[in-house]
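These are my notebook entries on one structure. I record here what I looked up, entry by entry.

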Amino acid sequence: MEIFDIFLLETVLNGVLFGGVLALLALGLNLIFGVIDVVWICYAELMMIGMYTVFYLTKTFGWNLFAAFAAAIVIVSVLGVLLHVLVIRPVLDSEPINQLLVTGGMLTFMQAAATLAFGIEFRNVGVSMPSLVLGEISLPWSRISAALTALVAMVLLWLFLKKTYLGTAIRAISQDRGIMPLVGVSPARIYLTTSAIGGALAGLGACLLVLQYDVHPAIGLSFGPLTFMVCVLGGLGNMLGGFIAAFIFAQLISIGGFYFHIEWGYVMAFAFFIVMMFVRPQGILGGKS
Amino acid sequence: MLEVQGLTKKFGGFTAVDAISFDLGEGEILGLIGPNGSGKSTTFNLVAGLYAPTAGSIRFQGREIGGLKPAQVCHAGIGRTFQIPRPFRKLTILENVALSAFYGQNGKVSRATAWKQAEEALNLIGLPYANDAGIDGLGAAALKKLELARALATQPRLLLADESLGGLDEAEMEQAADMLKNIRREKNITIIWVEHIMGVLMRVVDRCIVLDHGEIIAAGLPHEVARNPQVVEVYLGSDADDLQAQTSQRAGEGAR
């Protein structure tokens, strides 16, 4: 009985660590949606590109891991801006379904392009980190550092949104797009900045995941739908809601996997999501509309 | 300061504003009145950059601004308020105004300066604010004040005030009118004031333009305009009587 509880505790702690990373991924998607009102369906595919960036820079070009991380964040951030300028901007005033279709199309495009460019092999950066051992509990440092980094990034973003004029404008624009230009704010510039930040967050997510997972062209499918559901469960565009939902999802997956099988964890999380969509379709902290 | 020449705006086959011309001197308060649908708001939106003119020119401080984007017009020194106040509800009162101060000047002022200008604007308007006071719970009059403070914080040379009296009671209307006068006195800001009821407005403005069906039907001093038969016809009934009463009251004030 004693041992049983210890393993359950370890499972819960692992869930918390996973929740931290999931919260960071959801934050990027929520930020984009909250400001631009478009869902980047291909968000996790941007992350996939970031993971490949880290892989090739370290393995093929022999870069230092942290230099490769920085490069991945910058590259994915630029990709985010390009995505906005080339794909999102032309459909900004279109029906939401068209916006979903173009970003969904980008998902398929990026997967196919990655398959052609990088092949279907599973790649690993091959950085192995020890585990933190506390009595009978053992937690991999890769997970701990990922969760801590995600936490720091979220606090920094929160301070940015709260304390700077640009951040204030980003918070404000989702409430009234029409009036922003009349107080002198150019929405186009806010959108570009937000896309850059959203891209950078996807890049950071890539750095955290590449230490724990192999990268392959379809890796986005492991995280994209999950991230999207976290956002919807929290109330699409609501950053605090997404934060809470990330930890709920992570615990369901973690504990479900502990009692049954890891795949059952995902089944439980998705079942919970479906039930919640009936109970609270607007999300945990979503607005009324 | 502002010269409008042959300004026209068509929406499809409908001409909302039909070749209107007027000008405005530094420090003047111009009343722009007319019944609903007369083209006041369209004129406003043309000057503020929300619409591009179909024809005609708008020169502000010697520079053509017709067709500029709203943000550019704002940076050029024209601030505006909305008929229905549109504050950012998730921001505090001070954040709302400071955001305008910072971006209204195209981010060219320091953080601290923008903050100070926001406080200045709120003090001038007389809207109390605590550091973290939010929008919720502000009444109609307070929201109108916030709207004005926001426009003023952008440090405009020209203020476009859109129906600042709508939804206010008598006492609040008088207060709002005094406030606009006060703004002009303290800051030497030129003002165009749009209203569809004439009442209090006539007491404050230096000159008045009356629009109907997109055309100027009368222009001049308030008491002249009020006696114009065309204007009286447009404002048939109680509004016209009210108008006469208000202007004679003004004449009385002038004699004091």
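I began with a convention: two strands pair if DSSP finds at least two bridges between them. I also noted that this is a predicted model.

Entry on strand β3 of chain B

β3(B) pairs with strand β8 (residues 190–195) of chain B in the parallel sense, over five bridges. I asked which residue of β8(B) is the bridge partner of B:Ile29. The partner is B:Ile191. I then turned to strand β9 (residues 207–212) of chain B, which runs parallel to β3(B) and is joined to it by four bridges. In β9(B), B:Val210 stands opposite B:Ile33.

I next asked why β3(B) can be called largely enclosed by the rest of the structure. Five of the five residues of this strand (residues 29–33) are buried, so the description holds. I checked the two faces separately. B:Ile29, B:Gly31 and B:Ile33 lie on one side, B:Leu30 and B:Leu32 lie on the other, and all are buried. I recorded both faces of β3(B) as covered.

Entry on the open sheet of chain B

I traced an open sheet of four strands in chain B and wrote its order as β2-β1-β4-β5, with antiparallel pairing. The edge strands are β2 (14–24) and β5 (63–64), each of which pairs on one side only. I then examined strand β1 (residues 2–11) of chain B, which runs antiparallel to β2(B) and is joined to it by seven bridges. B:Leu2 stands opposite B:Leu24 in β2(B). I also noted that helix α1 (residues 40–48) of chain B packs on this sheet, where it touches β1, β2 and β4 (55–60). The direction of α1 makes about 65° with that of β2(B).

Entry on two helix pairs

For α3(B) and α4(B), I read an angle of about 120° and axes 8 Å apart. The two helices are therefore oblique to each other, and their crossing is right-handed. I listed the residues that meet: B:Leu94, B:Val97, B:Ala98, B:Ala101 and B:Phe102 from α3(B), and B:Ala114, B:Trp115, B:Gln117, B:Ala118, B:Ala121 and B:Leu122 from α4(B).

In chain A, helix α6 (residues 165–173) packs with helix α7 (residues 187–210) at an angle of about 105°, with the axes 11 Å apart. α6(A) and α7(A) are therefore roughly perpendicular to each other. The contact is made by A:Leu166, A:Ala169, A:Ile170 and A:Ile173 of α6(A), together with A:Pro187, A:Ile190, A:Thr193 and A:Thr194 of α7(A). I classed these as six nonpolar, two polar and no charged residues.

Entry on the contact between the chains

I asked how many residues each chain brings to the contact. Chain A contributes 14 residues and chain B contributes 23 residues. On the side of chain B that touches chain A, the elements giving two or more residues are α2 (70–76), α3 (93–104) and α4 (111–125). α3(B) gives the most to that side, with six residues. By class, I recorded the side of chain B as ten nonpolar, five polar and eight charged residues.

How values were computed:
Residues are numbered from 1 along each chain as its sequence is written. Chains are lettered from A and ligands numbered from 1 in the order in which they are written. This is a predicted model: local features need pLDDT of at least 70, side-chain atom pairs count only at pLDDT 80 or more; totals for chains, interfaces and linings use all residues. Two residues are in contact if their C-beta atoms, placed from the backbone, lie within 7 Å. Ala, Val, Leu, Ile, Met, Phe, Trp, Tyr, Cys and Pro count as nonpolar, Asp, Glu, Lys and Arg as charged, and the others, Gly among them, as polar. A residue is buried if 20 or more other C-beta atoms lie within 10 Å of its own, exposed if 12 or fewer, and partly exposed in between; C-beta atoms are placed from the backbone. Axes are lines fitted to C-alpha atoms, for helices over the stretch in contact, and angles run from 0 to 180 degrees between N-to-C directions. Angles under 35 degrees count as roughly parallel, over 145 as roughly antiparallel, 65 to 115 as roughly perpendicular and the rest as oblique. A crossing is left-handed if the near helix is turned anticlockwise from the far one by less than a right angle, and right-handed if clockwise.
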